[in-house]
Amino acid sequence: MRTFKLLLGATLTLVSLMWSPGRAEQSGGDYPAAAKQDPGTDDAAMAQWKRRGQEPDWMAEELAKHKVLIPADNKGLVGKGQGSTYGSVTPEDVKVWQQETYKLAVEGSRIFHSGDRLKSTIAVSCDMCHPDGANTHPETYPKFQAQLGRVALLRDAINWCIENPVRGKKLAPDSPEMRALETYIYAQRTGTPLQYGKR
Amino acid sequence: MKRTIVKSVETRYYEEREALFRGLKNLDRRSFLKLSAAAAAAALARGVEFNLHSFQPVQVAHAATGEAGPVEFTFAYISDSHLYKRQLNDRFVRQLLRAVDDINHLAPQPDFVLYGGDLAQLGQPLELELGAQILKNLKAPVKMMVGEHDWFLDMGEKWRTLFGEPTYSFDHKGVHFVVLHSVMEDDFWSERGMTGMERMQTVAGLDNGIQSRFKVGTEQQVWLKNNLAAYSDDTPLIVFSHSPLYKYYRPWNFWTDDAEEVQALLQRFKQVVVVHGHTHQILTHRIGNIHFHGMLSTAWPWPYAPEGLPALTVQMNRADPFNPNDALGDGSVGVKAGGLVDKLYNLWNRNPIQVTSAYLTSGGKSAVPLTPNLQSY
Amino acid sequence: MQYLKIKNRTAFLLVTMVLPWLGACNARLQENAEGPRGAHGALDMDQQKTLLESLLPERDVTQSPPGVDPGIWQQLVIPEDNKMTPERVALGKKLYFETRLSKDGTVACATCHDVSRGFTDQRPVSEGINGALGKRNAPTTMNAFLLQTMFLDGRAPSLEEQAKLPIVNPIEMGHANEGAALAAIADDPEYQRMFSFAYGRAPNYDDLGRAIAAFERTFVFLDAPFDRYLAGSPEAISEEAKRGWNLFNGKGRCMSCHQMNPSIPIGSDNRFHNIGVAARKQNFEQLARRALEALAQEGDMKAVDRLAIETDLSELGRFMVTKDRADIGAFKTMQLRNIALTGPYMHDGSMETLWDVMDHYNKGGEPNPFLDGGIEPLALSEDEIDAVVEFMFTLSDARLAEQNQRALTQQRKLAAAKRPFRDTAMAERRVLPFEERVMGGTR
């Protein structure tokens, strides 16, 4: 009798474990746990998900606050490829190209408008002197800037600003933040002719 | 290694110098002149006046160009300091201190000093108190005006305890002065469930599109109408406002939504001057009998907006990023008979720029200010 | 090993007391190693010429010198009416060391721009005829050809114009006027011959200025350890100096005004800034009003020159030339090349060591209504200051390495003893510039 009770208990425990919600995750399925379906389940997990930059609404949130000009739509390229692989542009292609480009520009807008993200020690962000990216004139780079001792690219000017008016920590030239900032700044001047060397 | 704080050579010299000048203040005017350079006294005798803000001798008696007579009195201004607490951002504090130092060294002293709004950056009590403490050191009396950065954290609770009601008026030497709260905004925060700080940070972003456009609002319009009722049409009228009271560039709230209604209330007066803050740049505009003048900021400069710039504005050179004080400063306004004004922009590390009443009354044809060589992008 | 045996006590005492004294003497002798000092502390003119010949290699003066961009040399440095020729350089050399160009025959250009003293006089302010002291520190003539204006207030637009002014300044070289100066040398047949070879005409004052300028254009001292480091030798300067160079470009904000680039490698933006040195002791507003009065009465180049050197209006700096409010108390950004050898520093020579200079910048200069906005408290630590100073000592030309080392030792000693301009509370922004003026001081 005792053995039977033991076995029953073990079976029931096993069965209950198999049916518990955590089982799906532990099974190592292809998709992450359904965090987006039930906002109330696990706040810690939800917070971690958001912090990884996967906030589903981050783009909409940023665009509600700040206008970011959209990249070229390339629609004219669709369906006229003359049979070459490279020329076979689909509507999905142009959508992806535009969306990915735009995403980086909007990410740049987020950093541009945030003293925290720029790691400013004096709570200054780029938009204080450059609302909507005004007066950043990326079309005038590269140009010799005597105060930097050399011909400066846009990223050199950005880094100088981060070090001085923003009093933050310089970014590595190919860091994700620098790439995003450059994308945003170029985005806001789309359509302006290049004039390198202009003061 | 223990390091004692040394009283530097400079500090000691300055203490001696300040002691000398403090002593001088006790002298009567004649003794002071004697101590001053004899040349200055000779210059005064010849009727030539030196204004600290401008090292061009300003003729006291104007030539007969058809323009209004001499400046009858002056008031100074400091605006848009955007203070954080000093442990966080010392630069903005230092710049406000510099402006106060400038005004305190004006000789003769102005009749009063207008503070043009945005004393704090995020409307926090610490910031407003720091600003109040610094402004207390102005020798001349101060007239305060509220800006959006002062208001939207607590909807003016702290401002009122420190400075009183944001909307008021006063008379001075025959001129009627009105101070408006022109940065009211329609509620955009309740539906979004924003906290006070979230609301403040939204408003603090110049290019943040979520906030509403500035306005004076119907309540203040009614107040204004009643306030002005007692004054005849030829009373000189000067209006202080943080937002421009006209429509320059909507995305940056360089804009007052009910500008036309407010202007309508001012239209019957022979001469109205509006002095406004918020734009951190030289701005000049005219609508009929109303002359609009902007004020400089002490904290940071702004580029001119991509469109909507009033035709009368002669831009100032854009800011040199390598000089944190460039395109910033303070200034003064010389008020003449009939309410016309000469507006002086005291730009740090640049020659001062004066926008005279002659420039505005001539529609921009005479007394044109210097044009820039470094345009805004 | 006989010298080790102590013969008697007297000898022992003599040795231990005399040797250190001899050592100190030796140091002084080393300073004056080149020879005896003459009037106003200058090395004897012939000794200077010999020293200069040992410093400057023989070369074709019509070609651009090594270390200078040939495009810059042709387009910016050489004026149309004064091309370089060996005859002009030789004439200029004779004139540079010519004491007859002073009223009492004791002062030449080389008196205050002494080859053995960093091509300056290493004094706070310069001394002219009759021991008269001026108000300003003499800039070095080394690399001066790369500056766009001359004098600390830029009142002379070229080397030619600059050379002509001190000769007729009452307290510098003291000749009554250009004619008197010329008369002192025009009868000399040697000069007549040299002027004729150089410019094809009889001696005249303008050509005198041109010749001196041509000679000064040979003072190229741009071969410092720092240049070798930039050219690709990482061992040319110490790690600390490299840290200093990074700070120079970064936290120290030095590069904003002391610009160094391959076109103009001397460390000056050729602009004028009020950094507050002049603010310590006077009321700018009053001075400016008096200056406008004085200049309204007499405002030509010679009047400005006299007012700048002789009167307290000197402190107004560039304002005396432009009368722009932004230039009140502003002086030219000096070059940093060979800076170790051109102390004491600042327009009034009030700073003895480069540590003093760093202390002044570190605390944000001296607040005054016209302070340049680029001057801010820097919050540099002592280590960072040492690194920047170490970097500055790598800027002296390799031919002057011995003098550089002596200067380093001497300045280090002085700085260890006192740092009168240091203000840590201001540097670390615990007290802010203008705070004491506005709120009243409690320190």
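Guide: Two strands are said to pair if DSSP finds at least two bridges between them. The model discussed here is predicted.

Visitor: In what sense do strand β6 and strand β7 of chain B pair, and over how many bridges?
Guide: Strand β6 covers residues 168-172 of chain B and strand β7 covers residues 175-179. One bridge joins B:Phe170 to B:Phe177 in β7(B). The sense of the pairing is antiparallel, and the number of bridges is 5.

Visitor: Which residue in the hairpin of β6(B) and β7(B) takes a positive phi?
Guide: The hairpin has 2 residues between its strands. A positive phi near 50 degrees is found there, at B:Lys173.

Visitor: Which residue of β8(B) stands opposite B:Val179?
Guide: β7(B) also pairs with β8(B), here in the parallel sense over 4 bridges. In that pairing, the residue opposite B:Val179 is B:Phe240.

Visitor: What is the bridge partner of B:Ser241 in β11(B)?
Guide: Strand β11 of chain B, residues 272-276, pairs with β8(B) in the parallel sense over 5 bridges. The partner of B:Ser241 in β11(B) is B:His276.

Visitor: Why is strand β8 of chain B described as largely enclosed, and how many of its residues are buried?
Guide: Buried means under 20% relative accessible area. Strand β8 (residues 237-241) is largely enclosed by the rest of the structure because its buried residues number 5 of the 5.

Visitor: Which strands stand at the edges of the open sheet of 6 strands in chain B?
Guide: The order in this sheet is β5-β4-β3-β14-β15-β16, with mixed pairing. Neighbouring strands are turned by 25 degrees against each other on average, direction ignored. Each edge strand has a single partner, so one side of each is left without a neighbour in the sheet; these strands are β5 (142-144) and β16 (353-355) of chain B.

Visitor: Which residue of β5(B) does B:Val113 stand opposite?
Guide: Strand β4 (residues 113-115) of chain B pairs with β5(B) in the parallel sense over 3 bridges. The residue in β5(B) opposite B:Val113 is B:Val142.

Visitor: What angle does the direction of helix α4 of chain B make with that of β3(B)?
Guide: Helix α4 (residues 90-104) packs on the sheet and touches β3 (71-78), β4, β14 (329-336) and β15 (341-347) of chain B. Its direction and that of β3(B) make an angle of about 165 degrees.

Visitor: At what angle do helix α4 and helix α8 of chain C pack?
Guide: α4(C) passes α8(C) in a left-handed crossing. The helices, residues 86-96 and residues 189-199, have their axes 8 Å apart. Their packing angle is about 145 degrees.

Visitor: How do the residues of the contact of α4(C) with α8(C) divide?
Guide: On the α4(C) side, the contact includes C:Leu91 and C:Leu95, and on the α8(C) side C:Met194 and C:Phe195. The division is 9 nonpolar, no polar and 4 charged.

Visitor: What radius of gyration does chain C have?
Guide: Chain C contains 19 helices and 2 strands, and 58% of its 443 residues count as buried. Its C-alpha trace spans about 75 × 65 × 45 Å along the principal axes. A compact globule with 443 residues would have a radius of gyration near 22 Å, and chain C agrees with that at 23 Å.

Conventions: Residues are numbered from 1 along each chain as its sequence is written. Chains are lettered from A and ligands numbered from 1 in the order in which they are written. This is a predicted model: local features need pLDDT of at least 70, side-chain atom pairs count only at pLDDT 80 or more; totals for chains, interfaces and linings use all residues. Side-chain values use heavy atoms; hydrogens and water are left out. Axes are lines fitted to C-alpha atoms, for helices over the stretch in contact, and angles run from 0 to 180 degrees between N-to-C directions. A crossing is left-handed if the near helix is turned anticlockwise from the far one by less than a right angle, and right-handed if clockwise. Contact means heavy atoms within 4.5 Å. Ala, Val, Leu, Ile, Met, Phe, Trp, Tyr, Cys and Pro count as nonpolar, Asp, Glu, Lys and Arg as charged, and the others, Gly among them, as polar. The radius of gyration is taken over C-alpha atoms; the globule rule is 2.2 Å times the number of residues to the power 0.38. Buried means under 20% relative accessible area, exposed over 50%, partly exposed in between (1.4 Å probe, protein chains only).
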